Amino acid sequence: MNLNGISRWSAAAAILVLFILAVPASAAGSWETEAVSTFDPEPIAADISGSHVVYSVAYGKAMNLSAPRGLLLYDADTGTTVSLANASGKMTLTGGQTAGDAVVWFEEPEAMLSNTTGLNNSIMLFSPASGITTAIRSSPSAEWPKTDGSRIVWSETPGDTYISFLSLYDIAKKTTEDLRVHPMDGSSVVLEGDTIAFRDANTSVLTLYDIPSQTDTAVMVPVHTNATDTMVDAYAMGGDVLLYTSRILELSPKRSISTVLTWYSIASQTNVTLSPITGLPVENLTADERNAAFGSLFTDGKTIGWVLETGISESDVITVNAETGSVSHLKIDGDVAFPAVDGDRAVWVQSKMMADSHVVLATWQEPASAKDPATPVPETTAAPGFGVLCAAGALAVAACGRKR
């Protein structure tokens with residue numbers, strides 16, 4: 001199924017133009033990794049902004065929902081780790097997302113509690129610069145805060161309905177407003193500047209909400225027919241990039257399930273299908289590409305990435321430079337969860353056979369030849385940047401229109 005909605009002829013023309021416009025590029029760099037935590041306390045999830053790595057932990061086994069939770073902050077510049085928060089009493093904490101001078105998470109009653117009367121959820125904000133922690137919202141259902149450094153969104157579900165809505169908090173102004181955004185899952189909402197990415201609770205459409213204009217843009221509409229069922233599985237957003245996966249269930253002539261990885265430009269509203277194995281743009285996916293096991297999408301708008309399962313507890317962290325299209329494959333002897341990237345640093349939680357979980361910090365290193373102008377740089381052919389992809393697609397569609 002062609003999710004990009006262009007004819008076979010125009011798609012072929014686009015690919016041809018891509019090959020014509022592809023130019024030699026400098027040799028790619030690589031990710032250098034280091035462990036920045038131990039397995040005790042056990043890390044759960046991590047995020048990064050600048051030199052700050054925030055990660056949630058369990059003081060005990062993470063699978064034990066009653067194990068006390070905490071939130072730690074690691075400074076990559078100084079190599080120091082401090083505790084930001086610890087759950088107490090009948091409460092636990094979840095999350096730990098950061099951008100700019102903001103770290104957000106939420107507290108909620110422990111799972112399995114039979115009586116939660118008088119126990120509200122709290123949306124928490126910490127400023128690394130001031131060291132001040134503030135509770136900005138307390139309610140029975142406030143959860144899953146996300147921040148871009150200047151604002152925070154979170155979801156709430158009123159007791160008389162099952163439909164959630166988003167609230168927006170301005171950190172500088174200390175003001176809150178409710179938005180007409182109804183996410184299917186508050187944990188997957190992404191805030192990036194004036195844009196919110198979410199799956200609509202009523203339609204399941206992958207949607208972009210523009211805060212200033214209060215308008216929606218439908219990115220991927222589910223398809224349900226007698227022969228095909230297509231839904232968005234996961235997504236990540238940063239800068240001009242929205243990266244998402246679509247799960248395609250083919251019912252006829254033979255039942256099969258496949259996953260498609262799509263790179264969407266928010267500015268030009270253009271889709272490009274990527275190979276989850278090579279990281280390169282493709283017109284038609286091979287059987288191996290459709291059946292590849294991958295996920296954990298992440299991007300900051302400059303780097304696009306995901307995790308490819310290559311074996312039993314073996315993975316590849318694949319990243320694509322959004323400007324040049326160059327691809328990096330980092331082989332991991334283990335499983336990778338909750339990856340995040342900011343500039344030349346990335347972070348994730350790594351484990352082996354569901355044991356020895358620890359936080360890994362990856363730093364992008366340019367090749368020595370790039371640092372020393374006197375050293376010749378070997379030429380390699382890289383995939384064209386997204387601007388070139390969009391131009392090629394536009395030319396192909398225009399040509400298709402003339403043919404008609």
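A salt bridge here is a side-chain nitrogen of Lys or Arg within 4 Å of a carboxyl oxygen of Asp or Glu. The legends below describe close-up views of a predicted model.

**View 1. The salt bridge between Arg151 and Asp194.** The two side chains meet with an N to O distance of 2.6 Å. Because Arg151 belongs to strand β12 (residues 151-156) and Asp194 to the loop between β15 and β16, the pair ties together parts that are 43 residues apart in sequence. Arg151 counts as buried, at 16% relative accessibility, whereas Asp194, at 33%, counts as partly exposed.

**View 2. The salt bridge between Asp316 and Lys331.** The closest N and O atoms are 3.4 Å apart. Asp316 lies in strand β26 (residues 314-321) and Lys331 in strand β27 (residues 327-332), so the pair joins parts 15 residues apart in sequence. Asp316 is buried, with a relative accessible area of 5%; Lys331 is exposed, with 66%.

**View 3. The salt bridge between Asp77 and Arg345.** Here the closest N and O atoms are 3.0 Å apart. The pair links distant parts of the chain, 268 residues apart: Asp77 in the loop between β5 (69-75) and β6 (80-86), and Arg345 in strand β29 (residues 345-352). Asp77 is exposed, its relative accessible area being 57%.

**View 4. The largest nonpolar core.** Of its 24 residues, Ile196, Leu206, Leu208, Tyr235, Leu242 and Tyr244 touch the most other members. Strands that each supply at least two residues of this core include β13 (165-170), β20 (228-238) and β21 (241-250). Beyond its neighbours within four places in sequence, Tyr244 is in contact with residues including Leu206, Val219, Tyr235, Val260 and Leu297.

Terms used. Residues numbered from 1 in each chain as written. Predicted model: local features only at pLDDT ≥ 70, side-chain atom pairs only at ≥ 80, totals over all residues. Heavy atoms only, no water. Core = buried A, V, L, I, M, F, W, Y, C linked by side-chain atoms within 4.5 Å. Buried < 20%, exposed > 50% of the residue type's maximum accessible area, 1.4 Å probe, protein only. Helix = DSSP H or I, 4+ residues; strand = E, 2+ residues; numbered from the N terminus. Contact = heavy atoms within 4.5 Å.
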